[in-house]
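User: I've got a model open and I'd like to learn how to read it. Can you walk me through it, feature by feature?

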Amino acid sequence: VFDVDVFISKCKAAVEYGNGQKEINSLVKNIMSEPSNIIKTFGEPTKAEVQKLYVSKTLTILHIVWGPQMMIMPHDHQMWAIIGIYAGREDNIFWRRIRGNEKGKLKAIGAQSLEARDVVSLGPDVVHSVTNPLERHTGAIHIYGGDFFNEPRSEWDPESYEEGQYNVENTLKKFNTSNCDL
Ligand SMILES: [Fe+2]
């Protein structure tokens, strides 16, 4: 079984005394290698949600369940991020600002489809959008090297690709909408 409290302690130690992002990346890879253990702890993912497991100024640990075919517009984090998937699939598109564009417009530079057991480690400047392409829920653990809910950062309008201020409430609303759609 995946022990949430032990995991939190190890992540805190990695940030405070250890090798931070690199060490947590290894921890998450290790945990994601047995997805059934995580399902034993959280249950099969059936409800879209952002569950705060731990939040401090230097570390945020979230259990995230994406609803079927849910989409999150392009955004950056302004802190490192590690994403591990234990059920379903999470398709990432990676973006870059078009040089010289005063509205901060984006162009796509790559994509990565993640499924159970996959882990990615992202730098603070990475811009990505996320889609669950499946008809069922996707379960993930996301870890960030800062306070995910209070760090000012950017998101991009999915229609115009113009840069704006990230609104965490709008993102959280999408999880509720996803549950209402079912
Ligand atoms: Fe993200």
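User: What does the accessible surface of the chain come to, and what share of it belongs to carbon and sulfur atoms?

Analyst: Some ground rules before the numbers. This is a predicted model, where local features need pLDDT of at least 70 and side-chain atom pairs count only at pLDDT 80 or more, while totals for chains, interfaces and linings use all residues. Residues are numbered from 1 along each chain as its sequence is written, and side-chain values use heavy atoms, with hydrogens and water left out. Accessible areas come from the Shrake-Rupley method with a 1.4 Å probe, and for residues only the protein chains shown count as cover. Here the accessible surface is about 9300 Å², with 46% belonging to carbon and sulfur atoms.

User: How many helices and strands are in the chain?

Analyst: Helices (H or I, at least four residues) and strands (E, at least two) are DSSP runs, numbered from the N terminus. This chain has four helices and eleven strands. Its radius of gyration is 16 Å, close to the 16 Å from the globule rule for 182 residues, so the chain is as compact as a globular protein of that length. That radius is taken over C-alpha atoms, and the rule is 2.2 Å times the number of residues to the power 0.38.

User: What percentage of the chain is buried?

Analyst: Buried means under 20% relative accessible area, exposed over 50%, and partly exposed in between (1.4 Å probe, protein chains only). Buried residues are 45% of the 182 in the chain.

User: Now the metal. Which residues coordinate the iron ion?

Analyst: Look for donors: N, O and S atoms within 2.8 Å of the metal (3.2 Å for Na, K and Ca); water is not among the atoms, so sites may look incomplete. The iron ion is held by the NE2 atoms of His 75, His 77 and His 128, at 2.0 to 2.1 Å. Along the chain, the donors follow the spacing H-x1-H-x50-H.

User: How many aromatic pairs does the structure have?

Analyst: Rings of Phe, Tyr and Trp (its six-membered ring) pair if their centres lie within 6.5 Å; planes under 30 degrees apart count as stacked, over 60 as edge-to-face, and the rest as tilted. A search of the whole structure turns up seven pairs. One of them, Trp 66 with Phe 175, is stacked, at 5.4 Å centre to centre and 25° between the planes. Trp 66 is in strand β2 (residues 60-66) and Phe 175 in helix α4 (residues 168-181), so the pair ties together parts 109 residues apart in sequence. Both residues, Trp 66 and Phe 175, are buried. Phe 148 and Phe 149 have ring centres 5.2 Å apart and planes at 85°, so that pair is edge-to-face.

User: And backbone angles: what is phi of Gln 78 near?

Analyst: Most residues other than glycine have a negative phi. Gln 78 has a positive phi, near 60°, and is found in the loop between β3 and β4 (81-87). Tyr 161, also not a glycine, has a positive phi of about 60°; its place is the loop between β10 and β11.
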